Amino acid sequence: MNRKKYIRATTTAMLSVGLMATALSGAAIANPCAAKNPCAARNPCAARNPCAAANPGGAKMISRPANYTPYKGNQAELIKLGEKLFNDTKLSTNGMACATCHQSYGAYNESFAQPYPHKVGMASENYGVGAINLDEAVQMCMIGPMEAKPLGWKSKELAALVAYVGSLQKGFKPAAGQANPCVAKNPCAARNPCAAKNPCAAKNPCAAKKH
């Protein structure tokens, strides 16, 4: 072996030994793929269930504002308008109406028979709110299952829905409550939308590359 080849071979061997020693000693070596892997940092679904526990933004939207004074009007007229709105799919952004879930007392819990304010499961589970009033329950359904904006707090429409649902409440018996036909349509009702699939689990886009 000539001198140049000997020096080159010796240098390569020394570098290989040096790199191996560095690796074995635990010294940090940057992973050139880490920056490119959008899933490397964390599972974006692991932090929390976007539908669970407490939604502070939603809680504020369904809670009565300060110095709140509801719309006042003829009760019979409000109930009549409320019945119309109860069946109006135009109130939602997804083609649903209040009646979609609550036709023939469907989807009402036994607590619906209690005077308001009282605790409602969807309010406590999805928004971290305790006992709520009937108008707050209406607003919760507006921004939840119906995926729409809340109604104006002093609006005739909100007062009408409250009047109509209040009239339904008088004839409600806990045994009349039926299964909720809207569970499949409510993205928060059935399950955690992040639980089924970790979008980072499929593959590491850098795994196939060798460096």
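**Entry 1**

I looked up phenylalanine 172 and found a relative accessible area of 7%, so the residue counts as buried (under 20% relative accessible area is buried, over 50% exposed, and in between partly exposed, with a 1.4 Å probe and protein chains only). I note that this is a predicted model, in which local features need pLDDT of at least 70 and side-chain atom pairs count only at pLDDT 80 or more, while totals for chains, interfaces and linings use all residues. Residues are numbered from 1 along each chain as its sequence is written, and side-chain values use heavy atoms, with hydrogens and water left out.

I then listed the aromatic pairs and found seven in the structure (rings of Phe, Tyr and Trp, the last by its six-membered ring, pair if their centres lie within 6.5 Å; planes under 30 degrees apart are stacked, over 60 edge-to-face, the rest tilted). In one of them, the ring centres of tyrosine 105 and phenylalanine 172 are 5.5 Å apart with planes at 50°, so I recorded the pair as tilted. Tyrosine 105 lies in the loop between helix H4 (98-102) and strand S1 (118-119), and phenylalanine 172 in the segment after helix H7 (156-170), so the pair ties together parts 67 residues apart in sequence (helices, H or I of at least four residues, and strands, E of at least two, are DSSP runs numbered from the N terminus). Tyrosine 105 is partly exposed at 21%. I found one aromatic cluster formed by Tyr105, Tyr108, Phe112 and Phe172.

**Entry 2: Cysteines**

I searched for disulfides and found zero (a disulfide is a pair of cysteine sulfur atoms within 2.5 Å). The closest cysteine sulfur to that of cysteine 98 belongs to cysteine 141, and at 6.7 Å it is too far for a bond. Cysteine 98 is buried at 13%, whereas cysteine 141 is partly exposed at 22%.

**Entry 3: Asparagine 133**

I located asparagine 133 in the loop between strand S2 (131-132) and helix H6 (134-143). Its relative accessibility is 17%, so asparagine 133 is buried. Beyond four places in sequence, asparagine 133 contacts Arg64, Tyr116 and Pro117 (contact means heavy atoms within 4.5 Å).

**Entry 4: Confidence**

I checked pLDDT (the predictor's confidence in each residue, from 0 to 100) and found an average of 73 for the protein, with 56% of the residues at 70 or above. Where pLDDT is low, the predicted coordinates should not be read in detail.
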